[in-house]
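This report examines a set of coordinates at the level of chains, helices and individual side chains. Please keep the sequence and the model at hand while reading.

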There are 2 protein chains.
Amino acid sequence: MDLTKLSITQASGLLQKGDITSGELTDAHLEEISKLDPQLNAFITVTADVAKQQAKEADQILGRYRSSGGAKPGALCGIPIALKDLYETRGIRTTAGSTFFADFIPKANAKVVDKLFDAGAVLLGKLNMHEIALGVTTVNPHFGACRNPRSLDRIAGGSSGGSAAALVAGLCMGSLGSDTGGSIRIPASLCGCVGLKPTYGRVSVRGVIPLSWNLDHAGPMARNVMDAALLFQAIAGHDPLDPYSVDRPADDYCSSIAIGAKGLKIGWAKGEFFSEKTDPGVVQAVHEAARVFQNLGAHVFDVDFSDAREASGANGIMTVSDAAAFHEEGLKKHPGKFGKDVLERLQMGVAVTSTQYIKARRSQSILRHKFIRFFENYDLLLTPTTPVPAPLIVGPNAVEQASLLTRFTAPFNLTGLPAISIPCGFTTNSLPMGLQIIGPPWSEAKILRAAHAYERIAQ
Amino acid sequence: MDLTKLSITQASGLLQKGDITSGELTDAHLEEISKLDPQLNAFITVTADVAKQQAKEADQILGRYRSSGGAKPGALCGIPIALKDLYETRGIRTTAGSTFFADFIPKANAKVVDKLFDAGAVLLGKLNMHEIALGVTTVNPHFGACRNPRSLDRIAGGSSGGSAAALVAGLCMGSLGSDTGGSIRIPASLCGCVGLKPTYGRVSVRGVIPLSWNLDHAGPMARNVMDAALLFQAIAGHDPLDPYSVDRPADDYCSSIAIGAKGLKIGWAKGEFFSEKTDPGVVQAVHEAARVFQNLGAHVFDVDFSDAREASGANGIMTVSDAAAFHEEGLKKHPGKFGKDVLERLQMGVAVTSTQYIKARRSQSILRHKFIRFFENYDLLLTPTTPVPAPLIVGPNAVEQASLLTRFTAPFNLTGLPAISIPCGFTTNSLPMGLQIIGPPWSEAKILRAAHAYERIAQ
């Protein structure tokens with residue numbers, strides 16, 4: 001049995017029965033990391049000692065449960081995970097992929113890290129990412145390129161590239177990414193795993209180093225939909241100390257995840273915006289996904305959804321200017337510490353006038369309102385996650401290709417709507433493609449349910 | 001019987017019994033306007049023909065009700081009102097106190113104007129206001145100074161000065177103002193009437209010429225709390241076509257308004273911010289108001305609430321830059337059409353960088369969150385509405401005094417919390433003072449109830 005290829009549900013069952021220990025599971029992953037990561041470069045920091053200690057504690061909890069009964073430990077107890085390196089971890093450096101934070105040792109965990117630890121998760125390490133989550137090009141100038149495990153000369157995508165690469169390569173069983181313009185969904189799409197960007201305000205961002213206070217979303221990444229739901233269940237909910245957190249109870253995301261897609265009203269975005277720069281293979285894959293949903297008993301309708309274009313633009317303006325505001329001091333005092341492309345984008349942000357910014361915020365309000373009204377007639381919307389599969393790290397059109405990647409994801413950061421990316425087949429080139437499923441605010445349970453139904457057929 | 005001094009409740013009772021007609025009530029007000037308004041300058045446009053026609057229609061409805069029964073007309077049926085001149089009115093020019101809009105004849109009514117007309121209200125005219133709702137100084141450069149009916153050499157306050165002046169002088173029975181930094185509550189305080197700024201998103205702003213998309217609130221102004229509640233009930237609610245409107249049903253604001261203040265936990269803001277620049281007479285008046293609430297059975301506690309200082313600053317930055325964004329074209333093409341002080345403030349807005357603006361938005365999120373948490377321990381908060389009574393129109397410290405006026409009101413625009421101003425006695429100089437009562441989001445019913453209880457004792 002290859003312990004690095006199990007689902008969280010499978011591993012959790014084995015742990016609870018005592019067929020394996022968290023120590024064994026953790027060691028298997030640490031071994032895989034030392035074997036594969038020198039090539040992949042998915043990890044910035046491996047926390048072997050922390051992991052072994054946490055695994056030991058999880059094994060004690062599991063052992064007590066088996067010997068004396070009582071409440072069953074949750075599905076994450078003893079499960080080895082890894083975190084994008086902008087989640088603050090007490091006593092463990094948290095770099096945000098940047099030299100500014102290269103020596104930053106947080107005094108406390110991010111709220112959601114505490115939640116995962118409370119659930120018994122085991123931390124293998126901190127994952128590579130784009131510099132401050134903003135880099136467009138393919139190589140982190142400080143920590144090196146994270147490679148795509150499906151094709152090592154290609155990017156893993158960003159900014160949560162380390163998360164997707166580690167999951168797909170079997171270096172961890174679950175991860176958290178963060179998403180300001182697509183940074184969870186894009187690497188999920190390019191590497192071939194699952195990434196959920198929840199509704200704005202659903203998951204605490206307290207202790208997550210910001211890119212944009214206005215657009216950042218924390219969310220789970222996993223190898224399958226149920227695993228993503230388990231992680232999401234553990235981190236969703238109101239955080240009274242996070243000003244952006246919404247005071248609304250989390251739903252139950254797991255218990256009815258398998259009830260299928262029958263009866264759902266699904267819009268399939270066929271407008272020009274979704275095809276003009278999109279790889280025909282990707283268009284075809286989403287077409288086939290729409291057919292799958294039809295076969296599952298959903299009602300599928302062609303929709304235009306062309307407001308996504310304006311939304312993508314406004315999200316871009318806001319991201320760079322929000323980031324420039326957060327990094328104001330660094331930009332003034334030590335601009336040379338930023339990588340070239342990040343510095344350029346931050347300077348674009350500085351140059352945005354308040355009038356331009358305010359107009360982008362105005363667009364945000366109007367488009368959010370329009371998008372929500374769209375979902376008065378549909379349960380869900382299907383789009384490609386990315387217009388193209390993983391670009392080459394170094395290649396003739398690398399930057400141009402990379403700049404296309406946020407096109408379909410950013411509109412849902414701007415508007416705060418929940419969206420998942422799930423694997424949707426492979427190009428003729430054997431590169432993974434992603435299907436994006438979007439819903440109205442707080443519809444994560446429905447999104448996960450549809451994603452789960454599709455995944456079962458597509459596998 | 002002086003028909004221009006009745007409350008809406010009294011007038012409505014008389015109308016429904018047939019003791020007076022809306023035609024008589026309307027004529028009495030039109031007469032008062034022609035007698036007093038040449039001095040007060042509360043009206044920019046008087047709509048006598050519209051009023052007479054609407055009064056006729058209201059009298060038909062009231063007549064049918066008396067002769068054949070059926071559903072009782074609402075309390076606003078046949079009641080003469082007037083509107084701040086930034087509420088769009090179909091076929092009636094809507095100037096926003098600005099030469100840019102001097103010939104603007106809207107094709108449709110603002111949503112809330114339609115609501116008032118549906119309720120049977122009669123429109124006497126459009127009311128004077130600060131230029132584009134932004135002017136600080138005391139005289140609208142295009143439409144002249146609106147004078148305070150309590151003391152004609154003093155300002156009525158702004159920006160909804162015409163609304164307060166008209167109410168207090170008996171030129172209309174109810175009005176709508178708008179409030180971006182205090183523009184409903186300040187003139188209510190300075191003239192001695194009631195003004196309610198509701199929760200952000202509670203009242204549609206569709207068809208209200210904007211000052212700041214982010215801070216504008218529409219709300220009622222009246223001569224007493226019950227009248228304000230009746231107007232508020234007519235305009236509150238979700239507007240699916242306004243992107244800033246919140247989809248949440250309105251409460252019943254009138255039926256339990258008279259149950260008193262017993263048991264309410266009330267914070268009385270005594271921090272330095274609320275006293276350092278405040279007229280001692282105003283401090284004393286709020287102190288006495290706190291004692292009144294105690295006598296009414298409320299639990300009153302001294303609180304500091306010093307975050308209001310930062311909130312006031314952030315609101316100022318945002319107001320000028322939001323206004324500059326909305327007036328971008330006018331500023332570029334015809335800057336000379338703005339009055340001197342408005343142009344100066346708009347240019348300050350243009351000069352705000354996106355970084356400064358973003359930091360103000362960040363403060364907004366944090367302070368809103370803090371303020372909401374404050375109300376986990378208190379039902380309501382008491383502050384003065386304005387630190388000083390009405391300044392002179394022309395006087396040694398006129399501008400300096402006027403610039404103090406938004407100090408205590410602006411924090412609740414920034415944070416979107418509902419707040420009312422009600423009369424709170426007179427200075428030794430016989431100038432009205434205002435008490436501000438603030439609550440958490442959606443607590444208008446409680447605010448009105450407390451205001452009503454205080455008003456009964458204080459009268």
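B:Lys333 is exposed, with a relative accessible area of 56%; exposed stands for over 50%, buried for under 20% and partly exposed for what lies in between, with a 1.4 Å probe and protein chains only. B:Glu329 is likewise exposed, at 55%. The side chains of these two residues, B:Lys333 and B:Glu329, form a salt bridge with N and O 3.1 Å apart, the term denoting a side-chain nitrogen of Lys or Arg within 4 Å of a carboxyl oxygen of Asp or Glu. B:Lys333 and B:Glu329 are four residues apart in helix α10 of chain B, so about one helical turn separates them. Helices are DSSP runs of H or I with at least four residues, strands are runs of E with at least two, and both are numbered from the N terminus. An α-helix has 3.6 residues a turn, so residues three or four places apart point the same way.

The model is predicted: local features require pLDDT of at least 70 and side-chain atom pairs pLDDT 80 or more, whereas totals for chains, interfaces and linings use all residues. Residues are numbered from 1 along each chain as its sequence is written, chains are lettered from A and ligands numbered from 1 in the order in which they are written, and side-chain values use heavy atoms, without hydrogens and water.

B:Lys332 and B:Glu328 form another salt bridge, with the closest N and O atoms 3.2 Å apart. This pair is also four residues apart in α10 (residues 328–333) of chain B, about one helical turn. B:Lys332 is exposed at 64% relative accessible area, whereas B:Glu328 is partly exposed at 23%.

A further salt bridge joins B:Lys446 to B:Asp379 at 2.9 Å, N to O. B:Lys446 belongs to helix α15 (residues 444–458) of chain B and B:Asp379 to the loop between α12 and β11 (380–384) of chain B, so the pair ties together parts 67 residues apart in sequence. B:Lys446 is partly exposed, at 31% relative accessibility.

| Salt bridge | N to O distance |
|---|---|
| B:Lys333 and B:Glu329 | 3.1 Å |
| B:Lys332 and B:Glu328 | 3.2 Å |
| B:Lys446 and B:Asp379 | 2.9 Å |
| A:Lys359 and B:Glu328 | 2.2 Å |

Over all chains, the structure holds 30 salt bridges. In chain A, A:Glu276, A:Arg309 and A:Arg407 are linked in a network of such bridges.

## The interface between chains A and B

Two salt bridges are counted between chain B and chain A, and one of them pairs A:Lys359 with B:Glu328. Twelve residue pairs across this interface are in polar contact, both residues at pLDDT 80 or more. A polar contact is a pair of N or O atoms within 3.5 Å; within protein, one must be able to donate a hydrogen and the other to accept it, and residues adjacent in sequence count only if both atoms are side-chain atoms. Helices α9 (308–326), α11 (340–351) and α12 (354–374) of chain B each supply at least two residues of the side that touches chain A. The largest share, eleven residues, comes from α12(B).

The contact (heavy atoms within 4.5 Å) takes 26 residues from chain B and 26 residues from chain A. The two chains bury about 2,300 Å² between them, 57% of it on carbon and sulfur atoms; buried area is the accessible area (1.4 Å probe) that two parts lose on being put together, summed over both. B:Ser354, B:Ile358 and B:Arg362 supply 24% of the area that chain B buries against chain A, more than any other three residues.

The predictor gives the complex an ipTM of 0.94 and a pTM of 0.96. Chain A averages a pLDDT of 96, and 99% of the residues score at least 70, pLDDT being the predictor's confidence in each residue, from 0 to 100.

## Two buried polar residues

B:Thr4, in the segment before α1 (8–17) of chain B, is buried at 2% relative accessibility. The side chain of B:Thr4 makes a polar contact with that of B:Lys5 at 3.4 Å.

A:Asn224 is situated in the loop between β8 (217–222) and α7 (225–235) of chain A and is buried, at 13% relative accessible area. The side chain of A:Asn224 reaches the backbone nitrogen of A:Met226 at 3.1 Å. Leaving out residues up to four places away in sequence, A:Asn224 touches A:Ser7, A:Val194 and A:Glu455.
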